[in-house]
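This report covers chain content, nonpolar cores and a surface patch. The sequence and structure come first.

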Amino acid sequence: MEALNLMPEILFYIISGMVLVSSVMVVASRNPITSAIFLVVDLFFVAALYASLGADFTAAVQVLVYAGAIVVLFVFVIMLLNLKPEALRGFRFTVGEALVLLITLTGFVIIATELAHAPPDIASPGNLGAAAIELAGGNTFVVGMRMFTAFLWPFEIASVLILLAIVACVMVAKKDKKSGLKGHIQSSGGN
Amino acid sequence: MNLGVDLTFLEFLASLPALVEWNDFTVGLVAFAVKFAILVGGLLQLPPLLVWIERRVPALMQRRRGPNRVGFFKWRLYGLMQSLADTIKLIFKEEVVPDGAHKVFYHLAPVFCVFPAFLVACAIPYGPDLLVFGHKIPLSVVRLDVGFLFILAISSLAVYGVSLAGWASNNKYSLMGSLRASAQMISYEIPLGMSLIPIVLIYGTLDLGKIVEAQTSLIHWGVFAAPFSFMIFLICMFAETNRAPFDLAEAEGELVAGFHTEYNSAKFAAFFLGEYVSMFVLSCLAATVFFGGWQVPFVPYETIVALAGSPNIAALAGIMMLLLKASFFMWVYIWVRWTLPRFRYDQLMSLGWKFMLPIGLANVVGTAVVLAVLRFK
Amino acid sequence: MNPYIPVIIVLIFGVLLGSILSGLAAFLGPKKYLKEKMDPYECGVPKVTSGSEKMSVKFYLTAILFILFDIETVFLYLWARTFDQLGWLGVVEVAMFVLVLVVGYIYVLKRGALEWD
């Protein structure tokens with residue numbers, strides 16, 4: 001029975017390990033499609049991590065939106081541009097990439113320190129434990145209630161954000177109204 | 001534990017249950033294993049059976065004979081053994097991997113087609129709770145609070161099987177077919193998702209088991225509570241599984257066979273398995289959400305339990321009922337395939353984006369307003 | 001027991017099953033290499049164009065619009081689950097949300113981004 005009590009922790013380390021391995025593979029693989037598929041695996045295991053913490057809704061949305069929608073777009077773009085591994089250079093940092101890495105690391109440090117100094121009710125499950133959430137009507141319900149009361153404005157602003165994204169992507173994909181969609185991406189050898 | 005030499009294997013097996021401490025956890029574990037084994041065993045029988053039906057039924061419709069030769073000695077069983085023969089042949093065929101194919105993804109694509117279908121099949125409630133030695137055992141392999149979203153999320157992963165298959169084959173027909181199929185699948189996923197929102201509004205839960213329990217009588221069935229949802233769902237069912245009239249991906253006349261042009265032998269069978277299992281799952285989902293699932297029409301569950309004297313017999317009746325309802329939808333799949341001609345691709349996409357999407361959204365808003373007026377005064 | 005542990009077991013099984021089916025083909029059956037046989041299918045003639053054509057940008061547009069409407073659907077699910085408790089307030093909130101997106105949808109429609117020819 002001791003092993004059973006340890007199971008969540010063992011599970012956590014296994015899943016985290018998978019997340020880390022697949023993340024490294026996303027960056028390290030030479031073929032863009034391989035990267036995309038490892039990204040799917042990665043996002044799937046992140047969802048598993050959420051699920052193991054009792055955040056069912058977040059886990060489902062993680063798979064639905066990230067693994068099932070956003071990476072589909074990546075795959076389409078890779079197919080669209082038909083990137084070949086040989087067309088891509090290997091590991092060499094440009095200034096921009098170094099900057100991105102720096103910003104990411106800074107963000108990571110900030111979040112980590114914030115979490116370390118956060119009041120205990122955020123850092124530890126405490127009053128938001130699995131049993132409490134179950135009693136309140138389940139994870140989806142609790143998230144929904146919070147979203148439509150405390151976080152109403154972010155929710156409404158999200159709609160404007162989505163609207164902007166819609167307009168932007170149509171603007172990019174479709175230059176002018178008369179000529180219809182610019183059928184194909186122009187490049188050497190393209191049809 | 002003393003394992004004497006005189007203990008036979010059967011005696012050892014019989015003594016096993018006494019060695020285990022039976023609590024909710026161990027019972028759940030054994031129940032999971034048994035349910036899962038039965039479900040997988042059943043699902044693996046589906047493709048041969050359905051292939052046979054799908055050849056016999058159109059033969060009936062078109063006044064042909066269909067397969068009727070293969071059998072054991074003089075028993076021909078209406079050609080039922082044809083599927084068995086086909087399966088054996090498929091498995092022992094030479095595998096032809098085209099030159100220039102991306103080896104890893106060529107082998108991986110069928111995997112991506114198979115596992116989402118099986119995973120979703122596990123979330124369907126196949127019957128009311130069993131009662132074994134005082135332990136309640138729900139008749140779905142996994143029961144989740146986010147049932148609907150889980151099903152939508154996992155089935156959205158099936159796109160990768162299709163797009164990888166086309167991309168890895170190094171064949172332009174495959175690539176075009178896979179791009180068409182995946183664009184079609186994602187386009188119809190939105191109306192599919194939206195068609196289920198009114199159901200959540202009406203029953204107030206995402207848990208499929210609870211939705212079935214709420215559909216106690218005919219008037220509470222989803223199809224009468226949300227008829228537009230059912231229509232949208234029905235259309236999306238065909239599009240999501242790439243079946244006629246939406247089988248643009250394998251438009252034989254122009255794309256040879258779509259994304260699985262370059263697939264043969266057991267890998268081709270794997271695509272078949274994925275397609276038929278997801279057809280079955282969507283049929284079960286339609287029956288569960290819109291036609292009362294395992295509920296027997298006109299006879300409430302309590303009456304059956306009282307008549308049969310045991311919830312287990314009622315559960316059996318429930319499973320039969322669900323399978324009956326699901327087979328109706330499987331029949332609709334085949335019926336429609338041999339009735340309606342194929343769409344053109346631009347028609348398909350504009351149906352999805354210009355008709356289904358606004359109708360789906362209007363359906364959500366309309367249902368919400370009606371329900372709000374009824375419930376909140 | 002966490003209800004997702006069965007999910008993981010089923011997932012592993014599904015992947016295994018797919019791999020076994022996929023692998024069966026590689027182990028069973030004869031193997032004979034023939035240049036002509038291994039050519040990508042092209043109705044019997046030698047390959048005319050490669051399998052890696054550039055694809056239409058319309059697929060990309062479809063995918064990105066799909067993401068955006070998918071996110072919208074997720075929000076609607078959250079609201080649908082809490083519909084009874086939120087009452088009219090929720091209906092009004094979501095009506096505003098949907099209204100903004102309908103504007104976007106009409107824009108997409110008017111720009112002809114959903115046309116396929």
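What percentage of the 191 residues in chain A is buried?

## Chain A

The model described here is predicted. In chain A, 35% of the 191 residues are buried. The chain contains eight helices and zero strands, and its elements follow the order α-α-α-α-α-α-α-α from the N terminus.

Among contacts in chain A with a separation of 6 or more, 51% are between residues 24 or more positions apart. The accessible surface of chain A is about 11,500 Å², and carbon and sulfur atoms account for 74% of this area.

## Nonpolar cores

The largest nonpolar core has 184 residues. Those with the most contacts inside it include Phe148(B), Tyr160(B) and Phe233(B), as well as Leu65(C), Tyr77(C) and Trp79(C). Helix H7 of chain B, residues 172-203, gives the most to this core, with 17 residues.

Beyond its neighbours within four places in sequence, Trp79(C) is in contact with residues of three chains, among them Phe148(A), Leu201(B), Val364(B), Leu86(C) and Val94(C). A second, separate core has six residues, including Val19(A), Phe45(A), Ala48(A) and Leu49(A).

## Surface patch on chain B

A nonpolar patch on the surface, with about 1,000 Å² of accessible area together, includes Phe9(B), Leu13(B), Trp22(B), Val30(B) and Ile38(B). Helix H1 (9-19) and helix H2 (24-61) of chain B each give two or more residues to the patch. H1(B) gives the most, with five residues.

Val20(B) also belongs to the patch and is found in the loop between H1 and H2 of chain B. With a relative accessible area of 35%, Val20(B) is partly exposed.

Key:
Residues are numbered from 1 along each chain as its sequence is written. Chains are lettered from A and ligands numbered from 1 in the order in which they are written. This is a predicted model: local features need pLDDT of at least 70, side-chain atom pairs count only at pLDDT 80 or more; totals for chains, interfaces and linings use all residues. Side-chain values use heavy atoms; hydrogens and water are left out. Helices (H or I, at least four residues) and strands (E, at least two) are DSSP runs, numbered from the N terminus. Buried means under 20% relative accessible area, exposed over 50%, partly exposed in between (1.4 Å probe, protein chains only). Contact means heavy atoms within 4.5 Å. Accessible areas come from the Shrake-Rupley method with a 1.4 Å probe; for residues, only the protein chains shown count as cover. A nonpolar core is a set of buried Ala, Val, Leu, Ile, Met, Phe, Trp, Tyr and Cys residues joined through side-chain atoms within 4.5 Å. Patches are made of residues with over 30% relative accessible area and no salt bridge: like charges are joined within 9 Å, nonpolar side chains (Val, Leu, Ile, Met, Phe, Trp, Tyr) within 5 Å. A salt bridge is a side-chain nitrogen of Lys or Arg within 4 Å of a carboxyl oxygen of Asp or Glu.
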